[in-house]
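Good morning, colleagues. Please have the sequence and the model in view.

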Amino acid sequence: MAEKFTLYSSVESQWVGVPLLALAEKGFKENIDYDLKEISLASGENFSPEYIAVNPNGTVPSLTAPSLPKPLTESVDILRWIDSLGTKTLEPQDAARSKEILDLVHSPSMSTNLILFQARDTDEMAYKKASAWNAFLEGRQARLDKELAAQPNHPFYIFYISKAAENLSVTSLYRADLGPSHHDFYKLTNEMYRDLAAGLEKLESLIWLPYAAGETVSEADFNTIPWLSHAMMGADTPVTSVQDFGPLERLIQKTVPEFKIGPKTKEWWSNIAATETFKRVFPVLH
């Protein structure tokens with residue numbers, strides 16, 4: 001009997017979608033083949049000393065197994081380990097193309113935090129301050145501040161200092177009255193939206209069809225699905241409108257007026273959304 005492993009997951013995590021798609025595609029069953037441990041990002045549970053001991057980056061997902069010398073803490077590595085259990089089925093037909101796609105969607109310039117947390121003007125900032133993302137940032141900050149106060153001699157203390165400062169750089173703007181202090185933030189956000197538009201144009205050029213890196217579904221698809229779904233959700237697309245790119249296009253067009261999701265990207269999304277694995281893991285955008 002194959003060993004049972006544990007996947008640390010979160011309904012709030014974008015990248016958990018990568019191993020969840022792999023598990024569904026490979027036919028693994030929760031509570032039989034693996035255990036799922038839910039980690040709350042909104043309350044900062046991923047910053048608890050217990051979880052930092054599993055994943056020193058404080059990110060989700062992570063995977064542990066008796067045969068592994070240490071936990072896997074990157075979604076790409078987790079997918080590949082899951083695929084290695086039995087016959088490999090998720091290796092891309094075009095490995096070089098797949099690597100470019102993975103490097104792109106995991107790059108800082110494509111981070112969906114831009115869509116979730118940042119703003120380009122006073123109206124957008126006011127909207128963000130009134131949204132659930134404000135509470136999300138405050139929940140993280142409260143947990144980080146708590147751990148800083150409780151763990152002054154903890155080996156992860158430097159991690160907490162760094163993460164608390166990183167989170168506070170945005171949280172402080174949410175807390176402040178709207179004014180000139182936000183102008184540099186707005187300018188930076190505009191520049192980042194230009195980079196995002198360029199990244200989506202690059203993705204358009206990389207997609208093979210019918211799937212991202214070949215004739216069959218592969219790791220390239222399973223890394224791109226969670227990214228695009230999360231971006232669409234963050235742009236306030238109705239979560240059941242899986243094929244509606246309008247809100248994301250309009251969000252980017254505010255900075256890049258001529259931007260459109262490309263025809264290859266749309267065709268790929270339609271193809272991958274028709275698969276049973278997609279329907280099982282992404283019945284709605286998240």
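Predicted model: local features only at pLDDT ≥ 70, side-chain atom pairs only at ≥ 80, totals over all residues.

Glu-147 is found in helix α7, which spans residues 132–150. Is Glu-147 buried or exposed? Its relative accessibility is 4%, and because the limit for a buried residue is under 20%, Glu-147 counts as buried. Which residues does Glu-147 touch, once the neighbours within four places in sequence are left aside? They are Phe-47, Ser-48, Pro-49 and Tyr-160.

The protein is divided into domain 1, residues 5–85, and domain 2, residues 95–277. Their centres, taken over C-alpha atoms, are separated by 20 Å. To the contact between them, domain 1 contributes 27 residues and domain 2 contributes 24 residues. About 2200 Å² of area is buried between domain 1 and domain 2, and carbon and sulfur atoms give 67% of that area. On the side of domain 1, Gln-14, Leu-21 and Phe-47 supply 31% of the area buried against domain 2, more than any other three residues.

Let me turn to the sheet. Three strands form an open sheet in the order β2-β1-β3, and the pairing is mixed. The edge strands, each of which pairs on one side only, are β2 at 34–38 and β3 at 62–64. From one strand to the next, the twist averages 20°.

Helix α1, residues 17–26, touches β1 and β2, and its direction makes about 140° with that of β1. Helix α3, residues 75–83, touches β1 and β3, and its direction makes about 40° with that of β3.

Where does Arg-120 lie? It is in the loop between α5, residues 113–117, and α6, residues 122–129. Although it belongs to a loop, Arg-120 is buried, with a relative accessible area of 7%. With its neighbours within four places in sequence left aside, Arg-120 has contacts with Tyr-186, Thr-189, Asn-190, Tyr-193, Leu-251, Ile-252, Lys-254 and Thr-255. Which side chain does the side chain of Arg-120 join through a polar contact of 2.8 Å? The partner is Glu-124. The side chain of Arg-120 also reaches the backbone oxygen of Leu-251, at 2.9 Å.

Leu-251 belongs to helix α11, and is one of its buried residues. This helix, residues 246–253, is mostly covered, with six of its eight residues buried. Those buried residues are Gly-246, Pro-247, Leu-248, Glu-249, Leu-251 and Ile-252. What covers them includes α5, α9 (183–206), α10 (219–234) and α12 (263–273).

I close with some points of backbone geometry. In general, most residues other than glycine have a negative phi, and most peptide bonds are trans.

The peptide bond from Val-60 to Pro-61 is cis, with omega near 20°. Pro-61 sits in the loop between α2, residues 49–54, and β3. The peptide bond from Leu-209 to Pro-210 is likewise cis, with omega near 10°, and Pro-210 is placed in the loop between α9 and α10.

As for phi, Asn-31 has a value near 75°, which is positive in a residue other than glycine. Asn-31 lies in the loop between α1 and β2, and with a relative accessible area of 55% it is exposed. Asp-236, also a residue other than glycine, has a positive phi near 70°. Asp-236 lies in the loop between α10 and α11. How does the accessibility of Asp-236 classify it? The relative accessible area is 46%, so Asp-236 is partly exposed, as the term exposed requires a value over 50%.

Key: Residues numbered from 1 in each chain as written. Heavy atoms only, no water. Pairing = 2+ DSSP bridges. Helix = DSSP H or I, 4+ residues; strand = E, 2+ residues; numbered from the N terminus. Axes fitted to C-alpha atoms, helices over the stretch in contact; angles between N-to-C directions. Contact = heavy atoms within 4.5 Å. Buried < 20%, exposed > 50% of the residue type's maximum accessible area, 1.4 Å probe, protein only. Polar contact = N/O pair within 3.5 Å; in protein donor to acceptor, adjacent residues only side chain to side chain. Domains from an automatic or database assignment. Buried area = accessible area lost by both parts, 1.4 Å probe.
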